Amino acid sequence: MQSISIIEPAPDAPVNAAALARERRERVLTWVLPVLALVVAIGGWEWVVRAYQIPHYLIPAPSRIAQTLWTDGPSLMGSAWFTVKLTVYSLGLAIIGGVLLGALFALSRAVEMSLFPFAVILQVTPVVAIAPLILIYVDSTFAALLICAWIVAFFPILSGTVIGLRSADHNLRDLFTLYRATPWQRLRFLLAPSALPSFMAALKVAGGLSLIGAVVAEFVAGAAGKNTGLASRIIESSFRNEIPRMFAALVLVSLLGVVIFLATAWLSRRVLGHWHESEIRREH
Amino acid sequence: MKGDPIIRMDRVSKRFGNDTLAVSDMTLTINEGDFISFLGPSGCGKSTALKMIAGLLPVTSGTISIAPAAGKTEQDLGFVFQEPTLMPWATVYDNVFLPLRLAGVTKADARPRVEQALREVGLTKFAQAYPRELSGGMKMRVSIARAMVTRPRILLMDEPFAALDEMTRSKLNNDVVRLAAEQGLTVIFVTHSVFESVYLSTRVVVMAARPGRVADDLVVDVPWPRTEDWRISTEFSAQARRISDSLKGTLDAEHIDH
């Protein structure tokens, strides 16, 4: 069989030395600039505290916070681990619950209409207001905190999944109908990939929210004792006026937040980078 | 067999939920090997008719019957949409593989067939590219390769090249005619371009709007497939005028109605 031999020429790659150099410079700057800004900010803070001799029980210098992190590290690590567990579990459960319920909503309009109000009520009621009740009804503190953090992180995943599953191209849907795709094939090869961009956006939001949920829930619970998280360390230190320790715990919470942010951003780029507009690096 | 009826539409009507009569009483017999154009203004129901033939839209009344293909389990009907309609997350290869994958063909069995389909549209080198890396014309080729990968007898095309530039469009027109001739395809090609319909088809079904219906059924009795030279012949102009007049007649009639 004769083949058709008309191939449109591929667009030429930009072989412009100046453009390449500019691109390289920009790539370096995306790292250098934020690091530089951070160093300047911390340096300025250190200098202000030293120059004006601000007492450490008001504002500790960064060096003092670092020192506290070093000395109190072992005692804070247990709490940090507790918060990590709480955050990761609640995010995991939010993903499982949000995706399952989202898929159910996408499959059945009736289910969505019946259950959506509950999801909205859960979302709009501040977790701080529900937490005391949950603490009464649930024996295990960890489980109660988990439920609180889950409520906060769950809704974005749910709505992201529902919107995503609905966003599949209608012509592609027709194509799957034409080729008599089974419901499973439709989900696996069309709906799930179509849902990924909005799911990933939701995951980035939910990642941050699960940490906020974990910290806020612990504040509300006022949990004390050995087996508690960073939020409890912060409250505890404030009662004892240990401001550097408060800051140290705070740094750990922020670090955790940054790690979650980087992880979800990395995952998003990993999953969408080769095809979705939101994660494609423009060359020009 | 070539020339035998392959699609029969018998008094087919389509009424949408908002009470528009998109297609009214359409009766048409299409023979194997025909290259038919549905030509008409927007709103004449040509795309609706095509989707009903593909089974993508249910008919409101009437029947559509397609002569069964002996011993074929995979989809016997290829469909090319107005947009390329590719999965942006999948490579060109995986996009073309899709119909076979959905039919349960294994990767190993599918490989030579997908490669063959890509060769036929000249995209072998781009198998691992993603749709966003391709030009509009190349995306359309992928879409055609995907429609052809199940070796269908019938190819339905819904204004496939309307959004492309003139050069690319004419290249793709030639490619489709060539594929159709080589494989003895029956093609229904929806278009609103008189020239495209004259150049491509052996038969032009002129449709009128409000309600959508068949207004005229004209045979373009010129040897087929045709060459580029024919585009500038007086014969081409004459055929184009004949079909243009028919189309104008339906438009004028509509104008008097309102």
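Start where the chains meet: 26 residues from chain B and 20 residues from chain A make up the contact (two residues are in contact if their C-beta atoms, placed from the backbone, lie within 7 Å). Helices here are DSSP runs of H or I, at least four residues long, and strands are runs of E, at least two long, numbered from the N terminus. Helix 5 of chain B gives the largest share of that side, four residues. Colour the side of chain B that touches chain A by residue type and you get 13 nonpolar, five polar and eight charged. In that count, Ala, Val, Leu, Ile, Met, Phe, Trp, Tyr, Cys and Pro are nonpolar, Asp, Glu, Lys and Arg are charged, and the others, Gly among them, are polar.

A word on what you are looking at: this is a predicted model, where local features need pLDDT of at least 70, side-chain atom pairs count only at pLDDT 80 or more, and totals for chains, interfaces and linings use all residues. Residues are numbered from 1 along each chain as its sequence is written, while chains are lettered from A and ligands numbered from 1 in the order in which they are written.

**Stop 1: the sheet of chain B**

Select the open sheet of six strands in chain B, with the order 5-6-7-3-8-9 and mixed pairing. Two strands pair if DSSP finds at least two bridges between them. Which strands sit at the edges? They are strand 5 and strand 9 (213-219) of chain B, each pairing on one side only. From one strand to the next, the twist averages 15 degrees (axes are lines fitted to C-alpha atoms, for helices over the stretch in contact, and angles run from 0 to 180 degrees between N-to-C directions).

Zoom in on strand 5 (residues 77-80) of chain B. Leu77(B) and Phe79(B) point one way, Gly78(B) and Val80(B) point the other way, and all are buried. Buried means 20 or more other C-beta atoms within 10 Å of a residue's own, exposed means 12 or fewer, and partly exposed is in between, with C-beta atoms placed from the backbone.

Now step across the sheet. Strand 5 of chain B pairs with strand 6 (residues 154-158) in the parallel sense over four bridges, and Leu77(B) has Ile154(B) as its bridge partner. Strand 6 of chain B is joined in turn to strand 7 (residues 186-191) by five bridges, also running parallel. There, Ile154(B) has Thr186(B) as its bridge partner.

**Stop 2: another strand pair in chain B**

Select strand 1 (residues 5-15) and strand 4 of chain B: five bridges join them, and they run antiparallel. Asp10(B) stands opposite Thr63(B) in strand 4. Is strand 4 (residues 61-66) of chain B well covered or hardly covered? Hardly covered: the count of buried residues among its six residues is zero.

**Stop 3: a helix of chain A**

Jump to helix 6 (residues 170-178) of chain A, whose buried residues are Leu172(A), Leu175(A), Phe176(A) and Leu178(A). They cover an arc of only 155 degrees around the axis, so they lie on the same side of the helix (the arc is that of the directions from the helix axis to the C-beta atoms). Their packing partners are helix 7 (183-221) of chain A together with helix 1 (46-54) and strand 5 of chain B. Just after helix 6 of chain A, Arg180(A) takes a positive phi of about 50 degrees.

**Stop 4**

Most residues other than glycine have a negative phi, and most peptide bonds are trans. Select Asn241(A), in the loop between helix 8 (230-239) and helix 9 (243-272) of chain A. Asn241(A) is not a glycine, yet has a positive phi of about 60 degrees. Asn241(A) counts as exposed, because it has 9 C-beta neighbours inside 10 Å.

Finish with Pro211(B), in the loop between strand 8 (203-208) and strand 9 of chain B. A cis peptide bond joins Arg210(B) to Pro211(B), with omega about -5 degrees. The peptide bond from Trp224(B) to Pro225(B) is cis too, with omega near 0 degrees.
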